[in-house]
Amino acid sequence: MNKYYKSNRNNEEVEETTQRTPLGFSVKQSTSHCFRVHINTEFYGAEHYSQIFDLLLEAGEEDVVQFYIESCGGDMAGLNTLLEGIKLTDAHVVAVIVGHAHSAASLLALNCHDIVVCDGAEMLCHSVRLGSAGKIVDCTDYLTHSRKVSNKLMTETYEGFLTEEEIEAVLNGKELWLDADQIRERLNQRTEYITSEEDSDAEVKRDTDL
């Protein structure tokens, strides 16, 4: 667009040309990765999962870690290593339940950010099985401590997925078997439960702010 203005010299009209350059943009290049980890044996000790733990720590926000689960459960120490890695990672963690997700495997799946349930999936929820040797008093203290820790983990994990009555029954020794359709149904119920809890917390916060 051209326009004219008066020059201070000799009161001349001078043509000034104003050009608008096109709007620019910036670009950021990023690389994402999808890591696949097969959990298709029983759970072993924590040392067995050290490389997977490191993977979870190193994975970035653009990355996805997929656990393909077909396991009958096992050692709680190994499970805890994976659960802590999920808490610490920046990646998005997805559980793909291919077949069995029993005991510890169910806890792993339900602590992932998303869950895919294949048609052959099934889940078993039950209390932790323990073994110990030594003086009676030592065994008693160990069992009491282990029960406290495992009950807390299961209560927090199964909340919204199982009813309060079912959680109590599982903690007291009941075995609860679920097929693929039942797992999907309960995952939908858990989503509704979480949404309801978030809405309730938001309402409490608004009342507090007022």
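Q: In strand E8 (residues 176-179), which residues make up the covered face and which the uncovered one?
A: Quick heads-up: this is a predicted model, with residues numbered from 1 along each chain as its sequence is written. Local features need pLDDT of at least 70, side-chain atom pairs count only at pLDDT 80 or more, totals for chains, interfaces and linings use all residues, and side-chain values use heavy atoms, leaving out hydrogens and water. In a regular strand the side chains alternate between the two faces of the sheet. In E8, the covered face has Leu176 and Leu178, while the uncovered one has Trp177 and Asp179.

Q: Which residue stands opposite Asp179 in E8?
A: Strands here are DSSP runs (E, at least two residues), numbered from the N terminus, and two of them pair if DSSP finds at least two bridges between them. E8 runs antiparallel to strand E7 (residues 122-125), and four bridges join them. The residue facing Asp179 is Glu122.

Q: In what order do the elements of the protein run from the N terminus on?
A: There are six helices and eight strands, where a helix is a DSSP run of H or I with at least four residues. From the N terminus on, the order is β-β-β-α-β-α-β-α-β-β-α-α-β-α.

Q: How are helices H1 and H2 oriented to each other?
A: Two packed helices are described by the angle between their axes and the distance between the axes. The axes of H1 (residues 50-58) and H2 (residues 76-88) come within 8 Å and cross at roughly 10°; they are lines fitted to C-alpha atoms over the stretch in contact, with angles from 0 to 180 degrees between N-to-C directions. Under 35 degrees counts as roughly parallel, over 145 as roughly antiparallel, 65 to 115 as roughly perpendicular and the rest as oblique. H1 and H2 are therefore roughly parallel.

Q: Which residues of H2 do Ile52, Phe53, Leu56 and Leu57 in H1 meet?
A: Contact means heavy atoms within 4.5 Å. The four H1 residues Ile52, Phe53, Leu56 and Leu57 meet H2 at Thr81, Leu82, Glu84, Gly85, Ile86 and Leu88.

Q: Is Ser103 buried or exposed?
A: Ser103 lies in the loop between strand E5 (92-102) and helix H3 (104-110), and its phi is near 55°, a positive value in a residue other than glycine. Leaving out residues up to four places away in sequence, Ser103 touches Cys72, Gly73, Leu124, His126 and Tyr158. Buried means under 20% relative accessible area, exposed over 50% and partly exposed in between (1.4 Å probe, protein chains only). Ser103 has 15% relative accessibility, so it counts as buried.

Q: How far apart are Ile183 and Met123 in space, C-alpha to C-alpha?
A: Ile183 sits in helix H6 (residues 180-209) and is buried because its relative accessibility is 0%. Beyond its neighbours within four places, Ile183 is in contact with Val117, Ala121, Glu122, Met123, Phe161 and Leu178. Ile183 and Met123 are 60 residues apart in sequence, yet their C-alpha separation is 7.4 Å.

Q: What share of the 210 residues in the protein is buried?
A: Among contacts between residues at least 6 apart in sequence, 67% join residues at least 24 apart. The buried share of the 210 residues is 34%.
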